[in-house]
Amino acid sequence: MNTFNFSKHLDIKNVRINDTFWNSIIKLVKNEVIPYQYLALQDKIDGAEKSFCIENFIKAKNTKNKMKCGKSIKTFPVDKWHYDEKNSEPEAFKGWVFQDSDVYKWIEAVSYSLQNFPDSELESKALEYIDIICDAQLENGYLDTLYIINDISKAFTNLKDHHELYCFGHLAEAAVSFYNATGNDKLLKTACAFADLICDTFGENKIKGYDGHEICEMALFKLYKATGIKKYLDTALFFINERGKKPYYYDTEKGIVSTGDNYHYNQAHIPPRQQTEAVGHAVRGVYLYSAMADLAKELKDKELKATCDSIWDNIENKKMYITGGIGATVDGEAFSFDYDLPNDLAYSETCASIGLIFFARRMGEMSFDSKYNDVIERALYNTVLAGMGQDGKSFFYVNPLEVLPEASRCDSRKHHIKPVRQKWFGCACCPPNLARLISSLNEYIYNENDNTIFINQYICSSAKTKYGNLELCEQNGKYILKADFSKPIKIALRIPYWCDKFELNRSFEIINGYAVFNCSHDYIEINLNTAPKIVRCSNRVRANTGKAAVTYGPFIYCLEEADNGCDLQMLSIDTSKKPVLNNGYITAEGYREIPDSRLYMNYLEPRKEKCTLKFIPYYKWGNRGENEMCVYVRV
C-alpha cells in the first residue's frame with residue numbers, strides 16, 4: 001500500500017516525560033553518560049581506549065592558522081581507516097577517519113538534554129567544544145580534521161571510505177539540535193558553511209559522487225527544514241538519485257572498473273529506487289533508508305515510498321532479531337541473507353538499532369500503521385538499553401543473543417562478542433549515539449496531523465498539542481489518558497504487538513493496529529492485559545529450531561549463568577507450564593540435562609532433572625560480571 005497518511009512527531013519542547021522507568025534512564029544519561037563522554041572525548045578515562053577527538057580539532061585549528069599565515073605545512077598520509085601512535089607521526093591526525101563525529105553526537109545529546117533539564121554548566125561545556133570545532137573550520141567552509149591536519153589537497157578524493165560527508169552529517173544534526181535548544185547559532189552557521197561548500201561541489205555538472213557512509217542526506221534534509229534553504233533539499237535528493245548509477249562513482253575516483261558487487265556494503269550496487277531488500281553495512285543502510293523516507297514524505301514521491309515499504313518489510317519480517325537488533329554478521333557489520341539470525345555470532349550493533357528507530361519513526365509519520373512503532377518499542381527496550389551498563393559508564397557495541405565467555409576469547413569468529421561492557425571504544429560511535437537517542441525520547445511518544453493525535457509509546461508523559469493538552473499516566477496497572485482539547489478530536493491509541501487482549505472504557509474502531517475514537521475533555525482508561533509469554537520465531541531461522549524465548553510486554557528476557565549455573569545449553573523450558581513474573585524477573589519450570597561423560601555413544605534419551613529457570617530482562621544482562629547468557633532456550 002503506497003498511499004500517504006502523514007503525521008508529525010511532537011517537538012521535544014512540547015512533551016515532558018514523567019515515567020518511573022524512563023526517568024531513571026534519562027537522568028542516568030544526563031548525570032553519568034554525558035559527563036563521562038565529555039571526559040572520554042578528551043582522553044581522561046583511565047583504562048579506556050583513546051578518543052583523540054578534541055585533540056584532533058585543536059591540531060586542525062593550529063594547521064589552519066599556519067595556512068593563514070602562509071607557513072609551510074607538513075603533510076601526512078591519508079591512506080588508512082585508523083591512525084594511532086604506532087602507524088602515524090605524533091603531530092598527525094589520530095583515531096578513525098570518522099572520529100570528528102563523536103563530539104558532534106555528544107553535542108546533539110547535550111542539546112536534547114538541555115531541553116529536558118536546563119543546565120548552564122553543561123551548556124557552557126558544549127559551547128567550549130563548539131568554539132574548538134568552529135575554530136578549526138577553513139575559510140571555504142571545509143571541516144574535517146583528518147584532511148585539514150594531514151593533507152587538505154586530498155579532500156573529497158575518497159568519498160567511499162573516508163567519511164567527510166558522514167562527519168558533516170553529524171555536524172549538521174548537532175547544529176540544528178543545539179540551535180533549537182539554546183537559540184545559539186554559532187554551530188549552525190558552521191554547519192551551513194560546510195553544507196554550502198558541499199552543495200557547490202556536488203551535483204549535476206559538478207562532482208557526481210556520494211557518501212560512503214550515509215547520513216549526509218538525512219542531515220541535509222534536517223538543515224533544509226531548519227533553514228528553508230532549498231539547495232540543501234536538492235543536494236540530498238541528488239545524492240540519493242546518483243547513488244549506484246553506472247559507471248560507479250567509487251570506480252571513477254579510484255580509476256578502476258568493477259561489477260559493483262562489492263558496493264552492496266555501501267548500498268551503492270544499484271540505484272536506491274531499485275532496491276527491494278536491506279543489504280550491506282546495517283548502520284549505513286538504515287541511515288540511507290531514513291533519508292529516503294524523509295524525501296518521500298516531503299516530495300510525496302510514491303516511487304521512493306514504495307522502495308521504503310519493500311525494504312522495511314524485508315527488515316521487519318526476515319532480518320530483525322527478536323530484540324530489535326539488525327545486522328547479523330560481523331563480516332561488514334552487515335545484513336545477512338533472509339532468516340540468517342545466528343544468536344552466538346550476532347553483530348547487532350547498538351547504532352544499527354538506533355538507526356532502525358530513526359527509519360521506523362519516519363515510516364510511521366508517512367503511513368498510518370502500528371507496526372513501525374512496534375519495532376521502535378522492540379528495539380528501544382531491548383537492544384538499545386542493553387548497549388549501556390546500569391552504571392552509565394560501560395557500553396556494548398555488539399549485542400549478541402547468546403554468549404559463552406570462553407568462546408569470545410578462544411574462537412576468532414566470536415572475538416567481536418564481548419562478555420562484559422567496555423569503558424569506551426576507539427571507534428566510539430555507539431555510546432554518544434545512544435545518549436542522543438535517549439535524550440530525545442520525548443519525540444517518539446506522540447504524533448499529530450490535521451485530525452488525529454497518535455499515542456505511539458506507553459511512556460507516561462504530558463504533551464501540548466495544537467488541539468490542547470494531553471496526559472498519559474499509569475495507575476494501578478492501567479494507563480490513564482487525560483485529554484483537554486478545544487474541540488473533539490480523534491485519538492489513535494497503538495495496541496502493542498505483545499498485547500493479546502485489552503480493555504478500553506469507550507467504543508472504538510481498530511485501524512491498522514490502533515484503537516481509534518473521538519475525544520475532547522475525557523478520562524480514558526486503557527488496560528493492556530499481558531503476562532509472561534513463551535514465544536517462538538519462524539522455523540526458517542535455523543539457529544532457533546526447537547527453541548523459544550520468554551517475554552513480558554515489550555521486554556525480551558534471557559538466562560544468565562549467575563542465576564542458572566553454567567552450560568545453559570543443557571536447559572530446556574516446559575512449555576506446558578506458564579512462566580511467572582516475580583519482582584522483575586520471570587521463573588519457569590524446566591529441565592537440566594545431565595552432562596554426558598563420553599563424546600560419542602549410541603543414542604539414548606538424554607538424562608535430565610527438573611529445575612526452575614530464572615530469566616532477567618535482556619537489557620540488564622552483563623551487569624554482574626562475566627558469565628554465560630542466552631535468549632533462546634530449548635523447549
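Me: How do the axes of helix H1 and helix H14 cross, and within what distance do they come?
Reply: Keep in mind that this is a predicted model. In it, the axes of H1 (residues 20-40) and H14 (residues 371-386) cross at roughly 30 degrees and come within 14 Å. Angles under 35 degrees count as roughly parallel, so H1 and H14 are roughly parallel to each other.

Me: Is that crossing left-handed or right-handed?
Reply: H1 and H14 make a left-handed crossing.

Me: And which residues make the contact?
Reply: From H1 you have Phe21, Trp22 and Ile25, and from H14 there are Leu380, Tyr381 and Leu385. Sorted by class, the contact of H1 with H14 has six nonpolar residues, no polar ones and no charged ones.

Me: OK, another pair. At what angle do H3 and H6 pack, and how far apart are their axes?
Reply: The angle is about 20 degrees, and the axes of H3 and H6 are 8 Å apart. That makes H3 roughly parallel to H6. The crossing of H3 and H6 is left-handed.

Me: Is H6 mostly covered or mostly open?
Reply: Mostly covered: 15 of the 19 residues of H6 are buried.

Me: What comes after H6?
Reply: Gly183 follows H6, and its phi is positive, near 80 degrees.

Me: Now H2. What's its span like?
Reply: H2 (residues 53-68) has 16 residues and reaches 23 Å from first C-alpha to last, close to the 22 Å expected at 1.5 Å a residue. H2 is followed by Gly70, whose phi is positive too, near 75 degrees.

Me: Which residues of H2 are buried, and what covers them?
Reply: The buried ones are Cys53, Ile54, Asn56, Phe57, Lys59, Ala60, Thr63 and Lys64. What covers them includes helix H3 (100-116), helix H4 (120-135) and helix H5 (145-150).

Me: Let's zoom in on Thr63. Why does it count as buried?
Reply: Buried means under 20% relative accessible area, and Thr63 has 11%, so Thr63 counts as buried.

Me: What does Thr63 touch?
Reply: Not counting residues up to four places away in sequence, Thr63 touches Ile73, Ile148 and Ile149.

Me: What is Ala193 in contact with?
Reply: Leaving aside neighbours within four places in sequence, Ala193 is in contact with Gln137, Asn140 and Gly141.

Me: Last one: how far apart are Ala193 and Phe93?
Reply: In sequence, Ala193 and Phe93 are 100 residues apart. In space, Ala193 and Phe93 are 23 Å apart, C-alpha to C-alpha.

Notes: Residues are numbered from 1 along each chain as its sequence is written. This is a predicted model: local features need pLDDT of at least 70, side-chain atom pairs count only at pLDDT 80 or more; totals for chains, interfaces and linings use all residues. Side-chain values use heavy atoms; hydrogens and water are left out. Axes are lines fitted to C-alpha atoms, for helices over the stretch in contact, and angles run from 0 to 180 degrees between N-to-C directions. Helices (H or I, at least four residues) and strands (E, at least two) are DSSP runs, numbered from the N terminus. Angles under 35 degrees count as roughly parallel, over 145 as roughly antiparallel, 65 to 115 as roughly perpendicular and the rest as oblique. A crossing is left-handed if the near helix is turned anticlockwise from the far one by less than a right angle, and right-handed if clockwise. Contact means heavy atoms within 4.5 Å. Ala, Val, Leu, Ile, Met, Phe, Trp, Tyr, Cys and Pro count as nonpolar, Asp, Glu, Lys and Arg as charged, and the others, Gly among them, as polar. Buried means under 20% relative accessible area, exposed over 50%, partly exposed in between (1.4 Å probe, protein chains only). The expected span of a helix is 1.5 Å times one less than its number of residues.
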